[in-house]
Amino acid sequence: MAKIIDKPASGDTLDVERIRADFPILTRRVGDKPLVYLDSAATSQKPQQVIDAESDFYAHHNANAHRGIHMLGEEATELFEGARGKVARFLNAPSAESIVFTRGTTESMNLIAHGWGRKFLKAGDEILITEMEHHSNIVPWQLTAQQTGATLRYLPITDDGLLDLSQLESVLTERTKIFSVTGMSNALGTITPLPRLIEAAHAVGAVVAVDGAQLVPHLSVDVQALDLDFIVFSGHKMLGPTASGGLYGRREILDAMDPFIGGGEMILEVFPDYSTWKEVPYKFEGGTMNIAQEIGLGAAIDYLEAIGMDAVRAHEEEINAYALKRIGEAGATIYGPTDPDLRGGAVSFWYKDVHPHDLATIVNEEGVAIRAGHHCAQLVMRRYGVPATARASFYIYNTKDEVDVLISALERAEQVFAL
Ligand SMILES: Cc1ncc(COP(=O)(O)O)c(C=O)c1O
């Protein structure tokens with residue numbers, strides 16, 4: 001069975017100082033304090049290589065892709081399709097045609113819920129998601145359920161922030177037509193046991209869609225080894241530009257689906273009362289696409305591949321274990337699993353009596369950027385009886401020293417609110 005968490009080979013370490021030198025924004029200061037950016041789960045920072053790839057496109061190759069026969073049009077098309085090839089290689093997709101470009105995770109999940117769900121679901125069918133999902137893997141399915149008459153069901157989560165697998169058999173049945181599940185929770189950090197979930201879903205004949213927004217940037221994902229039907233992801237969380245990203249879909253499923261966005265460039269022929277579609281993936285890519293952004297994503301993938309995803313994971317495991325220990329010792333309540341092997345680089349917590357919004361404001365004065373709020377996961381917040389949490393999240397450019405700065409900033413917040 002394919003593993004999602006392979007222990008990285010020893011010796012896979014990152015040269016973090018060298019990496020940091022590629023990120024111009026990391027030299028910024030917040031007032032007189034160095035910036036400590038611990039909000040990569042919201043969006044990652046971008047290396048100069050990605051910034052250059054995007055600006056080089058506009059400076060030297062800008063034209064619409066798949067339109068012009070002129071030189072620039074051909075160059076734009078070649079660069080855009082080159083980026084698709086890089087994404088396919090990164091995910092070990094069997095072909096570049098199985099990669100559809102979109103603005104990211106939210107748009108991709110809507111594409112599946114509408115393009116697949118509206119066509120194949122009917123009353124009596126069930127859609128299974130989990131209590132751990134980001135709103136972008138809940139709301140599209142609510143809309144599809146309302147439109148098709150299908151029923152939306154949830155796999156619950158445990159007190160420890162894991163999916164409650166003891167309930168799997170009761171919610172995943174032959175009525176389940178699709179199981180849409182996160183690969184890594186943005187609110188709890190939990191890495192879900194995808195191989196087991198995929199096998200169980202396929203055993204009842206369900207299609208599996210994975211929200212890879214937090215997974216793809218941090219762990220090596222092989223769509224063929226995992227036997228995945230769909231995985232969606234956002235380029236901006238993996239060093240790429242905003243509005244880049246897309247989805248991988250199994251070719252025969254993509255072929256059978258309806259288009260999502262109708263308009264220019266996704267058609268073969270248009271008649272007064274109907275139209276015919278281009279082949280996959282172009283039937284899903286209506287209108288002028290996010291060309292420069294996907295080219296930037298290609299550069300981000302080059303960057304991550306040069307480092308190696310095993311080294312990315314090894315580094316994050318180390319920072320994560322250190323952060324869990326230090327934040328816990330500082331007296332915070334941590335949500336999600338305590339075992340660093342079961343989590344990615346996002347630590348959600350509540351610190352003493354300080355509301356997360358107040359905490360984020362005070363630590364910002366110390367230069368530290370963390371996120372406070374419900375993290376677009378209100379079901380998770382309700383499950384644990386909190387309105388919000390503070391969240392520190394890590395990536396390839398973070399250091400243990402930065403975790404120490406966070407801890408000092410937490411202590412300062414406690415002093416401020418003790419007054
Ligand atoms: C797990 C998860 N799913 C979906 C999303 C939505 O991603 P985007 O806003 O890039 O579409 C996020 C973003 O925070 C996320 O963390």
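Leaving aside its neighbours within four places in sequence, which residues is Asp39 in contact with? They are Ala369, Ile370, Arg371, Arg391 and Ser393, where contact means heavy atoms within 4.5 Å. The model is predicted, so local features need pLDDT of at least 70 and side-chain atom pairs count only at pLDDT 80 or more, while totals for chains, interfaces and linings use all residues. Residues are numbered from 1 along each chain as its sequence is written, and side-chain values use heavy atoms, with hydrogens and water left out.

Asp39 is found in the loop between β3 (36-37) and α2 (48-61). Helices (H or I, at least four residues) and strands (E, at least two) are DSSP runs, numbered from the N terminus. Asp39 counts as buried because its relative accessibility is 14%; buried means under 20% relative accessible area, exposed over 50%, and partly exposed in between, with a 1.4 Å probe and protein chains only.

Helix α11 comes next. In this helix, residues 356-365, the buried residues are Pro356, Leu359, Ala360, Ile362 and Val363. The buried residues of α11 pack against the strands β14 (346-351), β15 (368-369), β16 (371-373) and β17 (389-393), and against α13 (400-418). Just after α11, Gly367 takes a positive phi of about 90 degrees.

The ligand is surrounded by Thr105, Thr106, His134, Ser136, Asn186, Asp211, Ala213, Gln214, Ser234, His236 and Lys237; a residue is near a molecule if one of its heavy atoms lies within 4 Å of it. Polar contacts are pairs of N or O atoms within 3.5 Å; within protein, one must be able to donate a hydrogen and the other to accept it, and residues adjacent in sequence count only if both atoms are side-chain atoms. An N or O atom in the side chain of Asp211 is 2.6 Å from a nitrogen atom of the ligand. Gln214 has a polar side-chain atom 2.6 Å from an oxygen atom of the ligand, and a polar side-chain atom of Lys237 also lies 2.6 Å from an oxygen atom of the ligand. Taken alone the ligand exposes 400 Å², and the protein buries 86% of that; accessible areas come from the Shrake-Rupley method with a 1.4 Å probe, and for residues only the protein chains shown count as cover.

Glu131 lies in the loop between β5 (126-130) and α5 (139-148). With 22% relative accessibility, Glu131 counts as partly exposed. Beyond its neighbours within four places in sequence, Glu131 is in contact with Tyr154, Leu155, Pro156, Ile157, Leu379, Val380 and Arg383. The side chain of Glu131 reaches the backbone nitrogen of Ile157 at 3.3 Å. Glu131 and His374 are 243 residues apart along the chain, and their C-alpha atoms are separated by 14 Å.

The remaining points concern the backbone. Most residues other than glycine have a negative phi, and most peptide bonds are trans. Asn92, a residue other than glycine, has a positive phi near 50 degrees. Asn92 is in the loop between α3 (71-90) and β4 (99-101) and is partly exposed, with a relative accessible area of 33%. Ala243 has a positive phi of about 65 degrees although it is not a glycine. Ala243 is in the loop between β9 (230-234) and β10 (245-249), and at 26% relative accessibility Ala243 counts as partly exposed. A cis peptide bond joins Val280 and Pro281, with omega about 5 degrees. Pro281 lies in the loop between β12 (275-277) and α9 (291-307).
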